[in-house]
Amino acid sequence: MIRILLAEDDEAMRAYLSRALENAGFDVAAVDRGTAAVPLLERQRFDLLLSDIVMPEMDGIELAQRCAEISPNTKVMFITGFAAVTLKANREAPQARVLSKPFHLKDLVLEVERLFSDHPLAGNSRPPM
C-alpha cells in the first residue's frame with residue numbers, strides 16, 4: 001500500500017484530504033505542520049510527502065528539502081492556493097509536483113496515482129468495490 005505523509009495546517013482541509021486519500025486506498029499519516037512531519041520522516045517510510053506550502057514554523061518547501069535529505073526516495077507534491085508560491089516551489093523544488101487550490105478531490109487522487117503509475121501496488125491502490 002502506498003504511504004502518504006500529509007502536512008497541512010488547516011484542520012478542515014487536512015481531515016478532508018486525509019479522508020479522500022484513505023477512501024482511494026492510500027495509507028495516510030497527517031500532521032498539522034512541517035516540524036511535526038520531520039520526526040515521522042526520520043522514523044517511518046513514506047512513498048509521498050503531500051504538503052501545503054504556506055505553514056507556520058516550517059514551510060512546505062523547507063520540509064521538502066529536509067525530506068530529500070532524510071528520505072530521498074520519497075516523492076513530493078505541494079498543494080497551495082498562492083500563485084506566487086507555486087512559482088517559488090517550482091524553482092526551489094523542481095522535482096516536486098504542485099497542485100493549485102482549489103482542486104477537486106478526484107484530481108488529487110488522479111495526480112497521486114499518476115505519480116505511482118510504475119509502483120507495483122499502483123493498480124491495487126483502490127479497494128475492491
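Student: With which residue does Arg33 form a salt bridge, and how far apart are the closest N and O atoms?

Tutor: The partner of Arg33 is Asp32, and the closest N and O atoms of this salt bridge (a side-chain nitrogen of Lys or Arg within 4 Å of a carboxyl oxygen of Asp or Glu) lie 3.4 Å apart. The model is predicted, so local features need pLDDT of at least 70 and side-chain atom pairs count only at pLDDT 80 or more, while totals for chains, interfaces and linings use all residues. Residues are numbered from 1 along each chain as its sequence is written, and side-chain values use heavy atoms, with hydrogens and water left out.

Both members of this pair are partly exposed (buried is under 20% relative accessible area, exposed over 50%, partly exposed in between; 1.4 Å probe, protein chains only): Arg33 has a relative accessibility of 28%, and Asp32 has a relative accessible area of 29%. In total, the count of salt bridges comes to 7.

Another of these bridges joins the side chains of Arg66 and Glu42, with an N to O distance of 3.8 Å. This pair links distant parts of the chain, 24 residues apart: Arg66 belongs to helix 3 (residues 60-70) and Glu42 to helix 2 (residues 34-43). Helices here are DSSP runs (H or I, at least four residues), as are strands (E, at least two), numbered from the N terminus. The two partners fall into separate accessibility classes: Arg66 is partly exposed, with a relative accessible area of 28%, whereas Glu42 is exposed, with a relative accessible area of 52%.

A further salt bridge is formed between Arg114 and Glu111, whose closest N and O atoms are 2.3 Å apart. Here both residues lie in helix 5 (residues 105-115), and because they are 3 residues apart, about one helical turn separates Arg114 from Glu111. Arg114 is partly exposed, with a relative accessible area of 47%, while Glu111 counts as buried at 18% relative accessibility.
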